[in-house]
Amino acid sequence: MLAKLIEAIANVAAPAEWLVEDKYDGIRAQLHVDAANQVRIFTRGAEDATVAFPEIVEAAAAVPEPAVFDGEVLGWRDGRALPFAALQQRLARKKVSAALREEVPVIFMAYDRLFRGRALVLDSPVELRRAALKALLAAGAPRLLISPQQSIDSHEALDALFAAARARGNEGLLLKRRGS
């Protein structure tokens, strides 16, 4: 949400103070689930993208309590993100056909939990929000994934994670300061 580009790995002070996740090339979105299990998906620009991703809506309707998640809508096949160009086929459609759902399957990759019920939880440390995210999505709805997160202890480890993320076809890495 308040990301800034780091030009060189050497510019990351104290690597052990950071948590690392892949940066995906999808549609940054919020997934809202209300008390009546009504689900809405909003893009970064606050556009309602709910109708483009009915399988995410179906999966999120089973979330057992109200919540708002920050994450990314991704085309997804065989455990990895599809290119953004494939995902674009799903946008601006009034109805998504079964054939398109098969051709470009999607998931919601959750990065963070922003609300618990009606309470904003951003003042909680990232580690506590992550634990709450895992507790809520632990049942493992197949279309609601939690972004894998790793700890690092050196610039070399960070460099290796960056290379691995790029090899998986992702844009790079996101770093989150512990306790933030």
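Is Trp76 buried or exposed? Trp76 is buried, with a relative accessible area of 17%, where buried means under 20% relative accessible area, exposed means over 50% and partly exposed lies in between, as computed with a 1.4 Å probe on protein chains only.

This structure is a predicted model, in which local features need pLDDT of at least 70 and side-chain atom pairs count only at pLDDT 80 or more, while totals for chains, interfaces and linings use all residues. Residues are numbered from 1 along each chain as its sequence is written, and side-chain values use heavy atoms, with hydrogens and water left out.

**The whole protein**

The protein has five helices and ten strands; these are DSSP runs numbered from the N terminus, with at least four residues of type H or I for a helix and at least two of type E for a strand. Because a compact globule with 180 residues would have a radius of gyration near 16 Å, the 17 Å of this protein agrees with that expectation; the radius is taken over C-alpha atoms, and the globule rule is 2.2 Å times the number of residues to the power 0.38. Along the principal axes, the C-alpha trace spans about 45 × 35 × 30 Å, and 41% of the 180 residues count as buried. Among contacts (heavy atoms within 4.5 Å) between residues at least 6 apart in sequence, 72% join residues at least 24 apart.

Strands of a sheet pair through backbone hydrogen bonds, either parallel or antiparallel. Here three strands form an open sheet in the order E9-E1-E10, with antiparallel pairing, and two strands are said to pair if DSSP finds at least two bridges between them. The edge strands, E9 (149-151) and E10 (172-177), each pair on one side only. Strand E1 (residues 18-23) is joined to E9 by three bridges, and Glu21 stands opposite Gln149 in E9.

| Helix | Residues | Angle to a strand |
|---|---|---|
| H4 | residues 126-137 | about 50 degrees to E1 |
| H5 | residues 155-167 | about 135 degrees to E10 |

Ala167 has its place in helix H5 and is exposed, with a relative accessible area of 60%.

**The aromatic pair and the nonpolar core**

A search of the whole structure finds one aromatic pair. The ring centres of Tyr24 and Trp76 are 6.4 Å apart and their planes stand at 65 degrees, so the pair is edge-to-face; rings of Phe, Tyr and Trp (its six-membered ring) pair if their centres lie within 6.5 Å, and planes under 30 degrees apart count as stacked, over 60 as edge-to-face and the rest as tilted. The pair links distant parts of the chain, with Tyr24 in the loop between E1 and strand E2 (27-33) and Trp76 in strand E4 (residues 67-77), 52 residues apart. Tyr24 also counts as buried, at 5% relative accessibility.

In soluble globular proteins, nonpolar side chains tend to be buried together. The largest nonpolar core here has 24 residues, and Leu31, Phe53, Ile56, Phe69, Val73, Phe108 and Leu144 touch the most other members; such a core is a set of buried Ala, Val, Leu, Ile, Met, Phe, Trp, Tyr and Cys residues joined through side-chain atoms within 4.5 Å. The largest share of this core, four residues, comes from E2.

Note on methods: Axes fitted to C-alpha atoms, helices over the stretch in contact; angles between N-to-C directions.
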